[in-house]
Amino acid sequence: MREICNLFQELSAIIWRGISENNANGNELSEDGITKNTIVSSIQRYVKSTKDRRIFAQKAIDEKRRGGDLEIYIEIDQDSYLRFIFQAKVLKRDGKYNDVAHRNSRYGEMQWELLQKYSKIAGCQAYYLFYSGVADFKHSGTDCFGIYNQEQLGCAIARISHVKNYCKRNNVSKVPFTVALPFNIPWRVLPCCHKVLKSDALNFGHRLYSSADIDMDSSFDEIFGERSSQLIGDPELAEPEILNDRLLDLDWTPSVRIVISISEIEKKGPSFLELA
């Protein structure tokens, strides 16, 4: 997993430098562009150049109608994956993440309330994913993988409770970078701290998804094999499909899905998954 860990660190650094440069020059990047283009294209380029088929990134079938949010599945044991849901926000020129305290027009609920619902329905962790970059800013910190510098905050995850508490306490809809800094965690912890993820899954009772479960999401093309009508006809096996329909009904519409496996991702028996 070391190579994929390095890939996530490289992606974070690329995004940090890109946002820093663009904001300094009076331009602003979007969540959509970073998620759909920078992240997906970088992972696809990595897979093509290294032939490492333990990671796969794909866009939703109707990704042009979706925003910049994403999901990540990480295998912690043979055919046992943890699911992570991410609401993406990009740092703007004013040094703040905008519309964090956003109220869903359809349901009248705050965005963090829906994220908490998504987390409960899916049996997984849901986070804010902050894309950041600040010119001439220096920082060092420590996480479960060791020491990191400011570039590892290019992609950082933040707990819903931290964001919610700040916005409610100060009655604001924007979160400044300096405020988010203490509770921002480099997203490299996802592939780099495998033992921690496995421990959390056991301690907090997170749902474990099989490869067949992952393929039950109709928003994406199947990865591991063909969707089976027999699977859908089985109430127990069809549960992930029902679960994903509930998420969709509550406006959870990620544009990108990333799957990270312990071994190479295979499709339909001995053949390997190929990039579209």
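Analyst: The largest cavity holds about 90 Å³ of space. This is a predicted model, where local features need pLDDT of at least 70, side-chain atom pairs count only at pLDDT 80 or more, and totals for chains, interfaces and linings use all residues. Residues are numbered from 1 along each chain as its sequence is written, and side-chain values use heavy atoms, with hydrogens and water left out.

User: How do I read a cavity, and what lines the largest cavity here?

Analyst: General idea: rolling a probe the size of a water molecule over the atoms shows where empty space is left. On a 1 Å grid over the protein atoms alone, a cavity is a set of points where a 1.4 Å probe fits but cannot get out; a pocket is an open set with protein on both sides within 12 Å along at least five of seven lines; lining residues have an atom within 4 Å of a point. A volume is the space filled by probe spheres set on the points, which are joined across faces, edges and corners.

In this model there is 1 cavity of 30 Å³ or more. Its lining includes Arg 66, Glu 71, Arg 83, Asp 217 and Trp 252. Helix α10 (residues 239-249) gives the most, with 4 residues. Helices (H or I, at least four residues) and strands (E, at least two) are DSSP runs, numbered from the N terminus.

User: And what about the largest pocket: what is its volume?

Analyst: About 320 Å³. Of its 16 lining residues, Asp 69, Gln 87, His 102, Gln 111 and Asp 251 are the closest to the centre. Elements α2 (31-50), β3 (80-90) and α3 (111-122) each give two or more residues to that lining.

User: Now a single residue. Is Ser 132 buried or exposed?

Analyst: Buried means under 20% relative accessible area, exposed over 50%, partly exposed in between (1.4 Å probe, protein chains only). Ser 132 has 0%, so it counts as buried. You'll find Ser 132 in the loop between β5 (125-131) and β6 (140-143).

User: What does the side chain of Ser 132 make a polar contact with?

Analyst: A polar contact is a pair of N or O atoms within 3.5 Å; within protein, one must be able to donate a hydrogen and the other to accept it, and residues adjacent in sequence count only if both atoms are side-chain atoms. Here the partner is the side chain of Tyr 97, at 2.5 Å.
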